Amino acid sequence: MAKNAQHWEKTRGLLFVTLAIWAVFSMGIFLFGAEMNEVTGPFGYPLTYWFTCQGSLAIFVILIFWFAGRQEKIDEEFGFSEKGDD
Amino acid sequence: MIKGNFIDNLPKVYGIYTGGFIGFIVLMAIGESMGMTAKAIGICFVGFTIFIYALIGWLSRTAQASNYYVAGRTVPTVFNGMATAADWMSGASFVAMAGGIYFKGYGYMALLVGWTGGYVLVATLLAPYLRKFGCYTVPDFVGTRYGGNTARLMAVIVLTVASFTYVTAQINATGTIAAVALDIPFQYAVYVGLVSILLCSMLGGMRGVTWTQVAQYIVLIIAYLLPVFWISNNIGAGFFPHFMLADEVARIGELEQQFGFVKNSAADLATVPKGLAGITKAHSEVNATPWAFISLALAMMMGTASLPHVMMRFFTTPSVKAARKSVGWSVFFIFLLYSSAPMLATLSKLALIDPNLPTGIIGKSIAEVQAIDWYQNWNQANLMFVSDFNGNGTVELNEFFMGGKAVVLATPEIAGLPYVISGLVAAGGLAAAMSTADGLILAIANAISHDVYYKMVDPKAETAKRLVVARVLLVVIGFAGATIAAMEIQGILGSVIWAFDFAMSGLFWPLVLGVWWKRANKEGAIAGMVLGLVSGFAYLVWVRSGGSGFLGITQLTFGIFGSTVSLVAMVVVSLMTSAPSAATQKMVDDSRVPAGASVIGGQK
């Protein structure tokens with residue numbers, strides 16, 4: 001059981017980190033939407049506009065793959081990983 | 001053909017399919033240059049793609065429960081990602097999203113953020129754990145985790161309310177496109193659309209829907225991206241629009257400054273046909289308060305994580321690990337379309353308003369604009385309108401009106417693309433609407449056949465009988481949806497957003513706390529679902545009937561209120577009643593370990 005508890009603790013830790021990043025790019029930055037839009041972002045778009053078109057969306061894609069990879073490592077560490085590939 | 005090594009051959013099968021579809025487009029282009037009429041091309045595109053989907057549906061027929069409900073749990077991550085993306089992107093995403101961005105700008109783009117960000121919640125909070133549970137449907141999870149038929153039935157009710165709100169809009173969109181492409185009245189086209197939808201799902205259930213959705217994704221993404229790239233090249237905006245439109249965005253800002261946003265009088269606006277709008281908001285400026293943006297994004301994200309037709313797609317992967325990765329692929333495939341919609345809006349707007357471009361109509365004389373071929377076509381289709389309010393004889397920015405759908409449907413023609421592209425776009429819109437409708441109808445029918453009929457009414461029913469019931473329900477629910485769609489009572493996007501709010505009001509916390517809070521019990525879950533759904537619905541009715549609302553929560557974000565009530569009710573009632581049994585707690589523990597047999601056991 002101790003092993004399970006440790007595994008769950010790490011899993012929860014990863015959840016909080018992932019959700020923190022998610023909250024920043026889905027909500028946090030838009031608190032300052034007007035100010036940020038004065039800045040020129042990637043490819044020359046206004047920064048807030050860029051985040052709504054591409055930036056936040058792309059970050060979510062990367063974030064989910066990163067999360068999946070980290071979670072797999074945690075599962076392997078405790079021997080909870082499934083056999084076979086996907 | 002669809003057994004055993006079919007899975008290994010997937011890349012090859014869909015590679016050939018994609019090549020074949022591109023070949024078909026080329027064939028149509030040749031046909032057009034040889035004098036094929038626009039109508040014939042439209043019929044070929046719609047007829048050919050529906051035939052292919054029906055063929056896939058027939059090849060995927062099955063008599064096994066696990067194939068029917070969860071595609072035998074054999075769908076590889078990348079393909080499940082494509083199927084989820086098609087399941088997800090509705091007729092509204094395809095036809096109306098670019099238009100929404102075109103007219104409303106920043107405030108509307110909260111939907112782009114919300115409809116992708118929600119998948120982070122799906123991947124982290126729910127999908128892997130529900131997959132480990134091994135359920136067939138979302139109410140199956142609720143019923144097993146909390147125990148008892150009441151919780152199960154409540155989950156079925158929330159699912160049905162949310163999904164049914166959504167599905168009528170999809171059948172409506174299918175009917176609209178079929179009506180235009182096949183040139184038949186809308187009331188009949190709705191049923192043509194319905195029959196096509198049922199052909200995909202009836203014989204093969206989830207398996208049929210999975211493989212048609214992959215095919216539909218390929219059609220819809222080609223149909224969306226090809227015109228965007230082509231238009232961008234045609235008007236000289238850059239060969240890769242996503243990275244190269246900064247100048248165009250800046251130019252639109254300049255023109256907005258130059259023209260100014262003149263407010264029309266109510267009397268003038270009354271002469272504009274219903275459903276059309278003018279450009280009244282800055283293209284790339286922040287035009288909404290932080291809370292308006294964030295609350296809409298949040299509602300859409302929590303709604304995403306609560307919609308059963310999306311969640312059940314992750315029940316079809318071979319493993320928990322694959323379920324997680326598959327969520328990543330889903331958002332990637334969604335991202336391809338969503339990141340293109342703002343580019344299409346930019347190209348469309350610039351082409352129309354820039355006097356330096358040959359297609360620009362602002363500043364031209366009214367008579368000149370009214371003589372343009374494409375203006376006449378789209379004016380006749382009730383999607384475009386100019387009027388000389390100030391009587392100076394030229395078209396001003398505030399004197400030009402367009403329907404939201406026109407951004408996707410008309411821009412190819414305005415930018416001078418051949419008609420074959422319009423046929424392709426019709427096929428893409430149809431694929432988007434059909435794939436979502438299929439997923440939704442299946443979600444409702446499966447919940448009723450598995451959770452109500454099999455789990456409550458007749459637990460001893462044999463597989464053959466269960467599958468007959470499932471198929472009959474599929475047809476009944478489809479016809480109910482089509483009948484309501486034929487009445488045309490709701491706009492496409494309004495009802496789509498409500499579905500998210502209903503789902504999050506009733507299901508978000510019971511699902512999340514079911515995994516993450518062991519103390520959550522049956523009484524709490526029932527209270528959460530009932531009070532969440534009822535309070536969300538009450539808030540919607542209140543705001544719709546002229547209520548002022550509070551905290552800036554509108555009829556588009558009422559789920560924030562409903563889900564908060566749901567959370568409070570669930571926690572309070574859970575703590576006031578006894579903790580769940582040791583067996584239930586062990587079940588939750590088991591769901592947290594990816595390895596090993598599914599928690600439910602038995603049903604694979």
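**Entry 1: a helix in chain B**

I began with α24(B), which has 23 residues and reaches 33 Å from its first C-alpha to its last, close to the 33 Å expected at 1.5 Å a residue. The expected span of a helix is 1.5 Å times one less than its number of residues. For the names I use here, helices (H or I, at least four residues) and strands (E, at least two) are DSSP runs, numbered from the N terminus.

A note to myself on what I am looking at: this is a predicted model, where local features need pLDDT of at least 70, side-chain atom pairs count only at pLDDT 80 or more, and totals for chains, interfaces and linings use all residues. Residues are numbered from 1 along each chain as its sequence is written, while chains are lettered from A and ligands numbered from 1 in the order in which they are written.

The cut-offs are 20 or more other C-beta atoms within 10 Å for buried, 12 or fewer for exposed, and partly exposed in between, with C-beta atoms placed from the backbone. I also looked up B:G562, 25 residues apart from B:F537 along the chain, and found their C-alpha atoms separated by 7.7 Å. Just after the helix, B:G546 takes a positive phi of about 95°.

**Entry 2: the strands of chain B**

Chain B comes to 26 helices and three strands, so I checked how the strands pair, which DSSP bridges decide: at least two are needed between two strands. Strand β1 (residues 276-277) and β3 (residues 400-403) of chain B run antiparallel and are joined by two bridges. One partner pair there is B:L276 with B:G403. Strand β2 (residues 384-386) also pairs with β3(B) in the antiparallel sense, over three bridges. In that pairing, B:M384 has B:M402 as its bridge partner.

**Entry 3: two chains, two outlines**

I then looked at chain A, which has three helices and zero strands, in the pattern α-α-α. Its radius of gyration is 18 Å, well over the 12 Å that the globule rule gives for 86 residues, so chain A is more spread out than a compact globule. The radius is taken over C-alpha atoms, and the rule is 2.2 Å times the number of residues to the power 0.38. The C-alpha atoms of chain A fill a box of roughly 55 × 25 × 10 Å along the principal axes, and 35% of its residues count as buried.

For chain B, a compact globule of 604 residues would have a radius near 25 Å, and chain B agrees with 25 Å. Its C-alpha trace spans about 80 × 55 × 40 Å along its principal axes, and 58% of its residues count as buried.

**Entry 4: where the chains meet**

How many residues does each chain bring to the contact? Chain A gives 40 residues and chain B gives 45 residues, where two residues are in contact if their C-beta atoms, placed from the backbone, lie within 7 Å. On the side of chain A, α1 (2-26), α2 (33-36) and α3 (47-77) each give two or more residues. The most comes from α3(A), with 18 residues.

I sorted that side of chain A by residue type: 23 nonpolar, 13 polar and four charged. Here Ala, Val, Leu, Ile, Met, Phe, Trp, Tyr, Cys and Pro count as nonpolar, Asp, Glu, Lys and Arg as charged, and the others, Gly among them, as polar.
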